[in-house]
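Hello,

Here is the structure I promised to pass on. Please open it alongside this email and follow the notes below.

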Amino acid sequence: PRSVWLSRHGESLYNLYGRIGGDADLSERGHQYAKRLPDLVRESVGGDRPLTVWTSTLKRTISTARHLPDNYNQLQWKALDELDAGVCDGMTYQEIKDVYPDDFIARDEDKYNYRYRGGESYRDVVIRLEPIIMELERSEDILIVTHQAILRCIYAYFMKKDQTKSPWMNVPLHCLIKLTPRAYGTDEVRYQADI
Ligand code: G3H
């Protein structure tokens with residue numbers, strides 16, 4: 001592809017309370033980011049060429065993409081949903097530590113391979129993203145609005161970084177990332193919304 005645009009969803013109510021997973025809608029700040037996103041995208045595209053938007057099936061990514069222009073086609077992919085935290089879905093990290101102390105330690109020791117009870121590991125996510133990556137490779141002008149864990153894996157793929165390190169990568173909120181693959185590496189430009 002010429003370029004790929006990546007963004008996390010805007011801040012959600014769960015982000016605000018420190019809860020993981022779930023299907024919460026955006027916070028006030030998150031809504032502000034959604035309103036700002038069309039301008040960030042226009043600035044980064046450098047023209048009026050429409051992008052195609054891929055979101056997950058969860059409210060917070062769909063709401064984030066809501067204000068993009070009507071001529072941007074939108075597609076929802078289940079494969080872009082957040083890493084499934086299984087029995088820990090909806091908990092805070094402190095609650096996980098209290099209820100599943102051994103799991104909390106095991107995850108810290110091997111975050112890439114650790115699979116939540118009834119849920120997924122980062123390794124699982126990398127596998128379920130394969131069709132997305134294949135489709136991306138033969139598409140142009142795609143903007144992906146998804147979740148932190150998913151973005152870490154997609155980002156690592158394009159930046160040719162070691163996937164086993166991606167679980168620790170920080171992907172900031174309210175930041176649009178434009179990646180442009182070149183012969184000798186991938187160019188990256190970040191557009192941070194000041195909200
Ligand atoms: O809400 C979950 C995060 O996006 C993933 O965070 O894998 O660092 O716990 P974590």
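**The annotated binding site**

UniProt, in an unreviewed entry, lists R8, H9, G10, E11, S12, L13, Y14, N15 and R60 under "binding site". These residues span 53 positions in sequence, yet no two of their C-alpha atoms are more than 14.2 Å apart, so they gather at one spot. Keep in mind that this is a predicted model.

Two of the listed residues deserve a look. S12 is in the loop between β1 and α1 (13–17). S12 is buried, with 26 other C-beta atoms within 10 Å. Leaving out residues up to four places away in sequence, S12 touches A24, D25, L26, S27, G30 and R60. R60 is itself on the UniProt list. N15 belongs to helix α1. N15 is buried too, because 20 other C-beta atoms lie within 10 Å and 20 is enough to count as buried.

**The ligand**

Which residues surround the ligand? They are I20, E82, L83, H147, Q148, A149 and P167. By type, this shell divides into 4 nonpolar, 2 polar and 1 charged.

**Strand β1**

Next, look at β1. 5 of the 5 residues of β1 are buried, so the strand is largely enclosed by the rest of the structure. Both faces are covered. V4, L6 and R8 are buried on one side, W5 and S7 on the other.

Which strands does β1 pair with? One is β4, in the parallel sense, over 5 bridges. There, W5 has L143 as its bridge partner. Another is β5, in the antiparallel sense, over 4 bridges.

In soluble globular proteins, nonpolar side chains tend to be buried together. Here, the largest nonpolar core has 35 residues, and W5 and I144 have the most contacts inside it. At least two residues each come from β1 (4–8), α2 (28–45), β2 (52–55), α6 (122–128), β4 (142–146), α8 (148–158) and β5 (175–182). The biggest share is from α8, with 6 residues.

Not counting residues up to four places away in sequence, W5 touches V41, S44, L51, L143, I144, L176 and K178. L143 is also the bridge partner of W5 in β4.

**Two positive phi values**

Most residues other than glycine have a negative phi. Two residues here go the other way. The phi of D141 is near 60 degrees. D141 sits in the loop between α7 (130–137) and β4. Is D141 partly exposed or buried? D141 counts as partly exposed, with 16 C-beta neighbours inside 10 Å.

K160 has a positive phi as well, near 55 degrees. Its place is the loop between α8 and β5. K160 is exposed, because 9 other C-beta atoms lie within 10 Å and 12 or fewer counts as exposed.

**A193**

Last, A193. This residue lies in the segment after β6 (185–192). Is A193 buried or exposed? A193 is buried, with 20 other C-beta atoms within 10 Å. Apart from neighbours within four places in sequence, A193 is in contact with Y33, R36, L40 and H174. The C-alpha atoms of A193 and T92 are separated by 27 Å, and the two residues are 101 apart along the chain.

Best wishes

How values were computed
Residues are numbered from 1 along each chain as its sequence is written. This is a predicted model: local features need pLDDT of at least 70, side-chain atom pairs count only at pLDDT 80 or more; totals for chains, interfaces and linings use all residues. A residue is near a molecule or strand if its C-beta atom, placed from the backbone, lies within 6 Å of it. Ala, Val, Leu, Ile, Met, Phe, Trp, Tyr, Cys and Pro count as nonpolar, Asp, Glu, Lys and Arg as charged, and the others, Gly among them, as polar. Two residues are in contact if their C-beta atoms, placed from the backbone, lie within 7 Å. A nonpolar core is a set of buried Ala, Val, Leu, Ile, Met, Phe, Trp, Tyr and Cys residues joined through C-beta atoms within 7 Å. UniProt positions are given in the numbering used here, feature names are shortened, and annotations may be inferred rather than shown by experiment. Two strands pair if DSSP finds at least two bridges between them.
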